[in-house]
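Please look over the model below before reading my notes.

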Amino acid sequence: MEIISEYFFPSSDGSTLIHVNQWTPVGRTVRGVVQIAHGVAEYGRRYEPFARFLCKHGFAVTANDHLGHGQSRIEGAPMVYLGAEDGWWHVVDDMEELRSRTAKVFPDQPHFLFGHSMGSFLSRTHLIRYPGAWDGCILCGTGHPSRAVIAGGKLLTDKEIRRLGKNAFSVRVDDIAFGAYNRRFAPVRTKHDWVSVSQENVDAYIADPLCGGDVTLGLFRDMLDGLTYITRQSNMEKMDKETPVFFIAGDQDPVGDMGKGVQKACACFRKAGVRDVGIKLYHGLRHEILNEATRQYVYQDVLDWLDART
């Protein structure tokens with residue numbers, strides 16, 4: 001059993017309220033806390049099955065909706081948009097604010113960060129900006145694009161921003177980004193087949209009004225700045241070398257270049273001197289490994305990793 005609670009706190013952007021879900025075990029001692037950073041065009045409550053699983057094993061779980069996602073949005077503001085200025089850094093600072101607030105509620109337990117997809121990039125940013133804040137970090141569905149790919153993305157996105165504005169949607173940018181992911185699995189049934197092998201999960205994703213929205217040019221540009229930051233080796237060397245990190249991903253996940261980008265990121269962490277770095281690639285799985293038919297194996301691997309570090 002668990003208690004599910006919700007609350008809001010002020011974002012570091014000075015205008016938005018950040019929505020938080022929290023799952024707290026009932027009838028057992030809380031032995032650790034896991035904070036979830038969700039991916040682009042989704043929201044924290046999607047992780048409820050995973051959170052319930054962790055609660056059964058004594059972990060409290062928190063998951064906020066990032067700026068422009070879920071319920072963390074000013075009425076009338078565009079969805080999937082982090083803001084006009086410094087959106088990426090505001091989201092990372094909001095993650096730190098949630099960690100700080102949760103640490104006051106559970107002051108004597110270890111705190112772990114779990115970041116998926118865009119949330120993994122945000123988590124890697126947090127590891128650099130706030131070294132030593134976590135007792136461990138799990139990076140799910142991450143990648144490590146080259147400087148050339150990031151630079152090309154910036155050139156195209158900046159051109160489209162000049163034409164359409166930061167809060168607009170660009171078919172061209174979206175096709176080059178997410179369309180390229182999907183083309184790896186042609187012929188496809190939907191534009192989101194790259195998300196999951198499970199057709200049930202893909203259909204649920206499409207049917208969810210808070211998922212799969214049009215990603216704004218502003219968010220693409222913010223994320224490219226974030227990717228520049230986290231792939232710079234000199235920045236990675238600022239991370240706390242004692243914070244354990246576990247990379248998990250499907251070996252058919254295009255975000256991680258079918259496993260090669262995940263392995264590259266893992267190697268860069270080790271080069272930066274991080275002492276405890278693990279990796280597991282799941283055969284045949286795509287991007288959302290927590291939502292595949294075989295998710296219980298992923299859940300158990302995460303739990304085993306957490307157990308070894310509590």
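1. Second largest pocket, by class. Its lining divides into 4 nonpolar, 3 polar and 4 charged residues. Here Ala, Val, Leu, Ile, Met, Phe, Trp, Tyr, Cys and Pro count as nonpolar, Asp, Glu, Lys and Arg as charged, and the others, Gly among them, as polar. This is a predicted model: local features need pLDDT of at least 70, side-chain atom pairs count only at pLDDT 80 or more, and totals for chains, interfaces and linings use all residues. Residues are numbered from 1 along each chain as its sequence is written, and side-chain values use heavy atoms, with hydrogens and water left out.

2. Second largest pocket, space and residues. The volume is about 260 Å³. A pocket is an open set of points on a 1 Å grid over the protein atoms alone, where a 1.4 Å probe fits, with protein on both sides within 12 Å along at least five of seven lines; lining residues have an atom within 4 Å of a point. Grid points are joined across faces, edges and corners, and a volume is the space filled by probe spheres set on the points. Among the lining residues are Tyr43, Arg46, Glu200, Asp208 and Arg295. Helix H6 (residues 199-207) gives the largest share, 4 residues. Helices (H or I, at least four residues) and strands (E, at least two) are DSSP runs, numbered from the N terminus.

3. Largest pocket. Its volume is about 1100 Å³. It is lined by 50 residues, and Ile176, Ala177, Phe178, Tyr181 and Phe220 are the closest to its centre. H5 supplies the largest share of the lining, 10 residues. By class, the lining has 25 nonpolar, 15 polar and 10 charged residues.

4. Sheet. Eight strands form an open sheet with mixed pairing, in the order S1-S2-S4-S3-S5-S6-S7-S8. Two strands pair if DSSP finds at least two bridges between them. Strand S1 (2-10) and strand S8 (277-282) are the edges, each pairing on one side only. S1 and strand S2 (residues 17-25) pair in the antiparallel sense over 9 bridges. Tyr7 has Val20, in S2, as its bridge partner.

5. Overall. The chain has 10 helices and 8 strands. Its radius of gyration is 18 Å, close to the 19 Å that the globule rule gives for 310 residues, so the chain is as compact as a globular protein of that length. The radius is taken over C-alpha atoms; the rule is 2.2 Å times the number of residues to the power 0.38. The C-alpha trace spans about 55 × 40 × 40 Å along its principal axes.
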